[in-house]
Amino acid sequence: MGKLGKKARKFAKKNLQSVLKRKRKTNSMFKKRSSKRRYKNDIEEEEEEEDTKVMPNVRRSKCKDIETFSLDAVFSDDDSNAIGNESDSDGYLSEDSSLYVAQSDVANHLEDNSGGSAFSSQNKEISLELVKEKKQLEKLKKKDPAFSKFLQSYDKKLESFRNKDAYADEDEMSIDETESVDGESVDKNKSLFLSSSDVDSWCQLVTEQQNLAALTSLLNGYRTACHYRAQSSGVIIAGSRHRFQSSETFCKILIFTLNEADNIFRKLLGLSKSTIKKEKLSELKSSSKWNAFKPLIKSYLRSSLYLLNQVTETEILTFSLARLRASMAFFVAFPSLLRRLVKIYPIAVHFWATDGGVVSSHAFLIIQDLASVYASNWFDTCFVKTYKSFIGNCQFVEPDQLKHIQFLRNSFVELCSVDVQKSTRKAMVSIQQLAKMLQQAIQTKKKEAVKNLCSWQYISCIDVWVMFISANVRDYDLQPLLYMIVQIINGVTVLFSGPRYLPLRVKCIQWLNHLSSSSGVFIPVASLVLDVLEYKIGEGGKHGKAISLSNGIKLPKQILKSRNFQEQCILSAVELLSAHFSQWSYHVSFPDLATMPLIRLRKFHETSTVESFKRVVKRFIDQVEQNIEFVQKKRDEVAFSPKDQQSVELFLQLAKQSGSTPFSQYYKSIMEKAVARNLALNEKVQDSSFFFP
């Protein structure tokens with residue numbers, strides 16, 4: 001740009017500077033006026049409303065950027081009042097059985113009067129008055145120390161009087177705290193060293209005579225055995241007076257109590273060994289026998305729960321869980337202990353989710369029994385706890401954990417099948433959460449949102465609902481869930497379409513095939529499979545490391561040019577298409593269904609230069625063409641129209657049941673080879689310690 005002329009320079013000096021000054025003054029005036037207005041709240045709200053009308057997309061995108069989702073926070077479990085009455089007893093049994101009967105009668109009388117509900121308004125008023133009086137007494141204690149000493153001496157006298165009155169009446173079945181079962185005097189503050197003969201005598205009295213005093217001593221010894229590790233570490237156990245002379249005595253009392261306690265309680269209560277129904281249990285809780293033996297049963301269950309927290313040996317854990325499962329009916333009678341088992345300190349859920357093997361199986365059987373047989377009200381708690389544990393275990397997955405993750409998935413689906421209606425409502429909430437996460441990732445394209453989708457937690461959550469829908473879609477109306485999960489899977493395949501996400505794409509196509517097979521609904525997957533053949537990966541290259549698509553979600557970049565990756569693409573495409581075609585190989589529309597995939601396969605066969613790849617694809621094409629000819633020939637012989645739905649469904653049903661067609665035999669051979677190949681690849685991957693996320 002050239003220099004300004006003389007006239008232009010004169011014009012700028014005279015006019016332009018004044019114009020600029022004038023603009024500065026007006027701008028500063030508008031700024032001052034707007035700043036005064038902003039002190040008023042009503043004007044601020046109007047400005048914000050106008051901004052949102054003018055820029056709706058900007059505001060919405062900001063909100064979506066900030067919004068975060070958590071899969072394990074979808075369901076909230078209400079732990080209010082969860083502790084309950086867990087601290088009402090330390091589990092130690094006073095060796096005076098008549099005292100238990102008296103206390104249980106009083107407690108039962110109070111429960112009957114209160115109707116089993118919360119405090120009435122009158123009781124609340126009394127409790128408030130007691131609190132006020134207690135505060136007044138505390139003020140008097142501070143003001144008058146002599147009065148405080150008088151109250152303490154009075155409390156001691158009253159306590160001693162109550163103790164004498166409580167232990168005054170004894171029947172033949174009870175024993176004094178200072179006497180053992182054999183009648184020998186023992187100091188209650190002195191430790192009792194138990195020998196093997198003592199335990200044998202207790203066991204004999206309990207099994208042959210159902211001696212209540214011997215059972216009480218046995219349960220106290222069992223309690224000490226369950227707390228043995230805490231005692232050895234220096235923790236003081238309240239009320240514990242027993243010590244073991246040898247490890248043989250320790251094992252004997254532990255094994256006998258676990259093995260026989262449930263049978264002994266059932267004999268004392270007059271119950272059969274079969275499962276106790278809820279109606280029978282409610283009748284039992286109102287009987288006098290239950291009030292007499294309730295403290296003994298509770299002590300056994302508390303000690304057994306403590307044992308599960310202390311023991312690490314698999315054999316003892318398995319045996320303990322099996323015996324506790326036999327006593328699940330008694331657990332239902334103690335809600336505080338039941339909450340400890342599955343809710344507050346979820347022992348059963350913890351063993352199910354973390355241990356694996358036989359321990360996990362026994363722990364799941366306890367959860368399943370609780371949710372199905374004894375208390376349907378606990379189904380929601382069992383569902384939420386197991387779901388959160390499953391999602392938590394899927395956060396970081398290693399190759400050796402995949403079998404355990406599959407076990408957790410299958411057992412969770414089995415738990416959901418206990419009450420499909422409740423599970424369907426909860427599944428809808430979880431699937432909607434998955435859909436929101438997918439929508440946010442597609443719209444924002446943010447790295448964190450996309451990363452949340454390409455994770456084991458997200459994939460495992462889809463996997464578990466696919467299995468749940470597939471297991472129950474024939475018997476229940478799960479079409480809304482089926483539609484939503486199919487849309488989510490298709491969205492994941494579109495979002496992650498690159499060659500590095502081949503394992504994820506294979507999983508998605510397997511899910512769609514599984515849903516289609518279980519529901520009988522046609523789900524098009526051929527285009528998703530054939531896109532794998534169009535990856536621009538080149539041909540040739542080195543073999544590279546072994547690749548197992550079942551062990552990961554995303555592949556490293558250096559693998560994409562290897563010969564193993566190219567082979568995986570071809571074989572995976574053939575296997576997935578074979579599974580898809582096998583579902584519809586007997587359908588009247590199969591010739592039309594296979595037309596476009598055959599065109600693309602022939603094109604790949606012509607352009608490929610690797611002979612081994614061409615051979616696999618050519619064999620698949622030949623098998624599909626043979627099946628087309630077979631179906632076309634049968635279709636030409638029928639006289640019904642495509643509108644006759646019943647005749648269409650019955651088409652070639654006899655041939656389908658026999659499974660004697662060439663394509664069915666080809667599909668079986670393909671799947672057998674795929675299973676053997678995947679097993680060999682998994683072993684190679686684990687041996688080479690190669691794993692991708």
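At 3% relative accessibility, aspartate 262 counts as buried (buried is under 20% relative accessible area, exposed is over 50%, partly exposed lies in between, with a 1.4 Å probe and protein chains only). Arginine 266 is buried too, at 4%. The two side chains meet in a salt bridge, 2.8 Å from N to O. Here a salt bridge is a side-chain nitrogen of Lys or Arg within 4 Å of a carboxyl oxygen of Asp or Glu. Both residues sit in helix α10, four residues apart, about one turn of the helix. Helices (H or I, at least four residues) and strands (E, at least two) are DSSP runs, numbered from the N terminus.

This is a predicted model, in which local features need pLDDT of at least 70, side-chain atom pairs count only at pLDDT 80 or more, and totals for chains, interfaces and linings use all residues. Residues are numbered from 1 along each chain as its sequence is written, and side-chain values use heavy atoms, leaving out hydrogens and water.

Now the whole chain. It holds 32 helices and two strands. Of its 693 residues, 42% are buried. The salt bridges number 12.

One of them joins aspartate 200 and lysine 252, with the closest N and O atoms 3.2 Å apart. Aspartate 200 lies in helix α7 and lysine 252 in helix α10, so the pair ties together parts 52 residues apart in sequence. Aspartate 200 is partly exposed, at 36%. Lysine 252 is also partly exposed, at 24%.

Another salt bridge pairs arginine 600 with glutamate 534, at 2.7 Å between the closest N and O atoms. Arginine 600 is in helix α28, while glutamate 534 is in the loop between α25 and α26, 66 residues apart.
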